[in-house]
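Follow the text below with the structure open beside it.

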Amino acid sequence: MSQSTNAWDEIFAREGRVFLEPHEDMPKVIQMLQDMGASTVLDLGSGTGRHVVYLAQSGFSVFGLDNSLEAMAATRQWLADEGLEADLRLQSMTERFPYEDGFFDAVVSVQVIHHADIATIREIVAEISRVLKKGGLLFVTVPELRNQGERFEQLEPNTFVPLDGPEKGLPHHYFTPEELQEVFRDYDIVDIHLDGWEHYCLTAFKEWATEGTFASPSGS
Ligand SMILES: C[S@@+](CC[C@H](N)C(=O)[O-])C[C@H]1O[C@@H](n2cnc3c(N)ncnc32)[C@H](O)[C@@H]1O
């Protein structure tokens with residue numbers, strides 16, 4: 001398994017936790033998880049742990065995956081400070097995830113999966129789908145397509161690499177709502193909206209199961 005690091009490793013080494021409060025939608029996500037009786041939750045690209053800690057505090061069995069060593073160390077410390085536990089894996093999301101098929105009741109991933117070209121993002125989404133149960137909940141945020149200016153190299157349509165700044169060298173794919181819907185076309189999308197960070201927030205369920213773990217609210 002590749003543990004190749006990324007520009008965020010240096011950002012976390014320099015600035016520490018960076019993200020302290022949970023994403024603004026996370027209380028709503030927690031409520032949905034509780035309503036569906038969820039237990040196992042993957043935080044893909046868990047960073048320094050704000051959602052790992054928040055989800056563990058809320059009583060879920062939490063798994064975090066990130067390829068930043070600094071992020072892992074900070075998350076372990078935060079969990080220890082709070083007297084909480086989680087399963088943390090140091091690994092790139094571009095490799096096969098270290099979990100069984102259908103293991104998770106939910107996957108959350110905030111400002112992470114866009115750090116790749118679109119072909120790789122599709123592979124990451126396929127891995128998310130592999131490890132998520134039928135009827136499982138997905139909450140993903142990705143940046144909105146906007147004018148990139150001159151300090152970026154364009155790799156392909158809507159994928160740019162910063163030439164300077166803290167995220168220098170790290171690909172960023174920027175989404176339209178239409179592309180987001182297309183990438184997650186196998187999901188029942190219940191909401192897409194912009195957050196205060198110019199990121200689209202997608203809430204969706206993996207195809208409603210007739211024989212899966214969770215039932216449709218309509219009973220269908
Ligand atoms: C903007 S931060 C968000 C962190 C966290 N999701 C949060 O909301 O606090 C982006 C995260 O993506 C992680 N990341 C970037 N590329 C990755 C990769 N190929 N595999 C795993 N994690 C990656 C970084 O290490 C960093 O933790």
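The lining of the largest pocket divides into 16 nonpolar, 19 polar and seven charged residues. In this count Ala, Val, Leu, Ile, Met, Phe, Trp, Tyr, Cys and Pro are nonpolar, Asp, Glu, Lys and Arg are charged, and the others, Gly among them, are polar. The model is predicted, with local features needing pLDDT of at least 70 and side-chain atom pairs counting only at pLDDT 80 or more, while totals for chains, interfaces and linings use all residues. Residues are numbered from 1 along each chain as its sequence is written, and side-chain values use heavy atoms, leaving out hydrogens and water.

A pocket is found on a 1 Å grid over the protein atoms alone: it is an open set of points where a 1.4 Å probe fits, with protein on both sides within 12 Å along at least five of seven lines, and its lining residues have an atom within 4 Å of a point. The largest pocket holds about 790 Å³ of space, a volume filled by probe spheres set on the grid points, which are joined across faces, edges and corners. Of the 42 lining residues, W8, Q111, V112, H114 and H115 lie nearest the centre. At least two lining residues come from each of α1, α3 and β2 (61-66); helices (H or I, at least four residues) and strands (E, at least two) are DSSP runs numbered from the N terminus.

Where does the ligand sit? The ligand sits in the largest pocket, meaning that more than half of its atoms lie within 2 Å of the grid points. Around the ligand are 19 residues, with G45, R50, D66, M93 and V110 the closest; a residue counts as near if one of its heavy atoms lies within 4 Å. Both α1 (7-15) and α3 (50-57) supply at least two residues of this shell.

Polar contacts are pairs of N or O atoms within 3.5 Å. A polar backbone atom of G45 is 2.7 Å from a nitrogen atom of the ligand. An N or O atom in the side chain of R50 is 2.8 Å from an oxygen atom of the ligand.

Technical notes
Polar contact = N/O pair within 3.5 Å; in protein donor to acceptor, adjacent residues only side chain to side chain.
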